[in-house]
Amino acid sequence: MAESFAFDVAHSLLGKLTSYAYEEASRAYGVYDDLQRFKNTLSIVKGVLLDAGEKKDQKHGLREWLRQIQNICYDAEDVLDGFEFQNKRNQVAKASGSTRMKVGHFFSSHNSLVFRTMMAHQIKDVTDRLDKVVADGNRFGLERRIDVDPRLGQRDMTFSHVDASNVIGRENDREEIVQLLMQPHPHGDGDGDKSLCVIPIVGIGGLGKTTLAKLVFNDKRMDQLFQLKIWLVSHLRYKLSRQKFLLVLDDIWNHDRAKWIGLKDLIKDGAIGSKILVTTRNKSIASMMGTVDPYVLIGLSPENCFSLFVKWAFKDGEDKNYPNLVEIGKEIVKKCHGVPLAVRTLGSSLFSKFDLEKWEFTRDSELWNLEQKEDGILTALKLSYDQMPSHLRHCFTYFSLFPKDYDFDGKLMTKLWLGHGLLQSPDGSQKKNDIVREYIDELYSRSFIQDFEVFGHTNYFFKVHYLVHDLAMYVVKEEFVVVNSHTQNILEQVRHLSILETDSLGHALFPNSRSVRTILFPIDGVGLDNETILDSWLSRYKYLRYLDLSDSSFETLPNSIAELEHLPSLSLALNHKIKRLPHSICKLHNLQILSLEGCIELETLPKGLGKLISLRELYITTKQSVLPHNEFASLTHLQVLGFYRCDNLKILFNGAQLDSLEDLYVDSCRSLESLPLYILPQLQTLLVINCKRLNLSWKAESPIQQSMNHEITIQRLRLEILQLVDFPELQMLPQWIEGATGTLQSLIIYNFPNLKMLPECLTTMTHLKILRIGNCPQLLSLPSNMHHLTAHLEELLIFGCPELCRKCQPQSGEYWPIIAHIKKIDIEEPREQEEK
């Protein structure tokens, strides 16, 4: 049976019920007493849910009891969300000022009575059901538990690709692979190709094959040995022609020899001495691809395993203070059979936990008795998962909806977790993006995600190890379903659907159950092209919380979209056929995220956009030349706004003030001429990419302020992240950047072919942590007093700037002494022809 998250849903419901807004609204509609009864029962049951979650595997029938509680809580959530929707509808009606709308509105005196009766009936129904199930649960002898703040004891975060100091016990393996790569090619590959040498690294999951390949890939000797190093295969024939290269093919699964031969045809033009390094779990794949005997990776030694465990379970030197825990740790490590992923994950789960019982529970758990299979779930991962706080386990399960090796990003997780109400703020003051980042950081510290790359507070990417993905699939079971060409039946209890293939989609495949809350298409280029199926989804699944129809190709969106009253997140992105949206879409008063980017045929935005009073994020592609400024001004909760390929748009907003907007993305809007910053007083993130006509020297102040002193301009800019890309005419950065001196944390400038200098104000930006400069060939130097900036800088990246790169070279460059201390530094090496 699937994992239960009844505690999380109950916690979320109680949060709503105790809010002042709900109390006032419930009194206004005459359902206050009904809701109080439900709240009191829910408060009682919440107290025992944590205990039930821990004992569910020990007491027969407890899992089923938890499932019933969870289903009732979901139904209650639907009732409360419907209550909230009607309240927002009333707000829109009052704000519209339209007599016709007010007269015909749902909240006439008659319909108000109907609504009150309906709500009272629904609340009584879920309360009676909850009372009955709670009474049935008395036989389990559950105890009330206190929910401890899960944020305590979190590991300090570090972000790097592969830090050799964090890898233990692989020094000899790295050296042996390096030596193999440095040896001349001993013989051909069996197919007559003498130039390619393929070295497979083979081993079971979790041993660290990818980590070893990265250690080798980043070894300085590889830079001297190969003209070109490539991790991903893309346009290879052009790149590899007559060059000596190192190519890494990571985590290969495909047994098809014809495809392997086809790939070799793409890369056969490389120079003699080229090498391919392959990582795979499958020995037959290693045999098929390899031209030398595979390097068989084995588990770490007990000593190295324990050193790795200590590194992740304790702070430096802290283990000496807990000799009893160290001894238990040695016994835990023995059960990991030398698998680094298992050791690291278990160590992370026990970090800063000094309760002897927790360590003994991990050591003595019955889960260790489960059969271990190479492609199965590692017991260590399940044990670590069980020790995560409930809300984090709930968030983790959504990784199961995506294919293995998927490239996740922060924006995606925000949409998904926000849509399902999973973002909890202890005091209600945290921003949604901050909560998501906190959850991701915590998952990273527990080793449940990897390859974490950060380009800004809300701009980051990561992956999930395939064994961790297996774990996610294991714990969700029948409630989360991934649909592919082999799917023949979907159970009625499904709540979340991820569609990877559309070849066999049919009306009969999908259940009639009203419980479905998620539909998404996660693979690029795979979307829905069947309007009949879409109609059936909209008529069946009234309680959807996340509907992602990206890459679909239907021409019209049905008016019935308005019936999804509970929907917080909707994506129609990259639909190249849709021309218009029904105005009824603006009745989705609970909608918080709307994605229309890439809808290149969309002629106009729907009329009444300002009625989407809950909207927080909006991403747009449209053929409009003028935006409905008053509609945007009505979106008082809008925090994130993106424009993509709006080819006819010349000006944004025309002076309409957007007081709540924090993030603005403008990409490939080729007609855009101006973007006055004075209308965006709260702007923190600005990305402008490939807007050739845009005059970057726009004024940051309003026309009234232009006659006033310069200090006002500086005070009005609160930018923290600024990214400017593709400005071929610009010779210097705009002066208004000086207004962000006290706040800017990340500055990224790419593709400025005529940029000749950086502003002197750069050296006074004491909060700047990230500076990336790329493809600015005429930029010859850094500002004077650069040492003031580098004292705070944490990351410096420079490429495509030959002279500047030469001056920043390690040891020999004149700027090296003032940048050498920066934590993460990546300077492109000048090419030989440019040095001469």
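Biologist: Is Ser-352 buried, partly exposed or exposed?
Modeller: Keep in mind that this is a predicted model. Ser-352 sits in the loop between α15 (340-349) and α16 (356-364), and its phi is near 60 degrees, a positive value in a residue other than glycine. Buried would need under 20% relative accessible area and exposed over 50%. With a relative accessible area of 24%, Ser-352 is therefore partly exposed.

Biologist: And Ser-668, buried or exposed?
Modeller: Ser-668 lies in the loop between β17 (663-667) and β18 (685-689). Its phi is positive too, near 55 degrees, again in a residue other than glycine. Most residues other than glycine have a negative phi. As for accessibility, the relative area of Ser-668 is 19%, so Ser-668 is buried.

Biologist: Which cysteine has the sulfur closest to that of Cys-669, and how many disulfides does the structure hold?
Modeller: Cys-669 is buried, at a relative accessible area of 1%. The closest cysteine sulfur is in Cys-646, 4.5 Å away, and that is too far for a bond, because a disulfide needs the sulfurs within 2.5 Å. So the neighbour is Cys-646, and the disulfide count for the structure is zero.

Biologist: How do the rings of Tyr-398 and Phe-480 pair: stacked, tilted or edge-to-face?
Modeller: By the ring-pair rule there are 23 aromatic pairs. In the pair of Tyr-398 and Phe-480 the ring centres are 5.2 Å apart and the planes are at 80 degrees. Planes over 60 degrees apart count as edge-to-face, so the label for Tyr-398 and Phe-480 is edge-to-face.

Biologist: How many residues apart in sequence are the parts that this pair ties together?
Modeller: Both partners are buried, Tyr-398 at a relative accessible area of 2% and Phe-480 at 10%. Tyr-398 is in the loop between α18 (390-397) and β6 (408-409), while Phe-480 is in strand β9 (residues 480-483). The pair therefore ties together parts whose separation in sequence is 82 residues.

Biologist: How are α2 and α4 oriented: roughly parallel, roughly antiparallel, oblique or roughly perpendicular?
Modeller: Helix α2 (residues 20-28) and helix α4 (residues 62-96) have their axes 11 Å apart and pack at an angle of about 80 degrees. Tyr-22, Ala-25 and Ser-26 of α2 meet Leu-80, Asp-81, Phe-83, Glu-84 and Asn-87 of α4. The residues of that contact divide into four nonpolar, two polar and two charged. Angles from 65 to 115 degrees fall in one class, so α2 and α4 are roughly perpendicular.

Biologist: To zoom out, what percentage of the protein's residues count as buried?
Modeller: The protein has 28 helices and 23 strands. Among contacts between residues at least 6 apart in sequence, 62% join residues at least 24 apart. Of the 836 residues, the share that counts as buried is 54%.

Technical notes:
Residues are numbered from 1 along each chain as its sequence is written. This is a predicted model: local features need pLDDT of at least 70, side-chain atom pairs count only at pLDDT 80 or more; totals for chains, interfaces and linings use all residues. Side-chain values use heavy atoms; hydrogens and water are left out. Axes are lines fitted to C-alpha atoms, for helices over the stretch in contact, and angles run from 0 to 180 degrees between N-to-C directions. Helices (H or I, at least four residues) and strands (E, at least two) are DSSP runs, numbered from the N terminus. Angles under 35 degrees count as roughly parallel, over 145 as roughly antiparallel, 65 to 115 as roughly perpendicular and the rest as oblique. Contact means heavy atoms within 4.5 Å. Ala, Val, Leu, Ile, Met, Phe, Trp, Tyr, Cys and Pro count as nonpolar, Asp, Glu, Lys and Arg as charged, and the others, Gly among them, as polar. Buried means under 20% relative accessible area, exposed over 50%, partly exposed in between (1.4 Å probe, protein chains only). Rings of Phe, Tyr and Trp (its six-membered ring) pair if their centres lie within 6.5 Å; planes under 30 degrees apart count as stacked, over 60 as edge-to-face and the rest as tilted.
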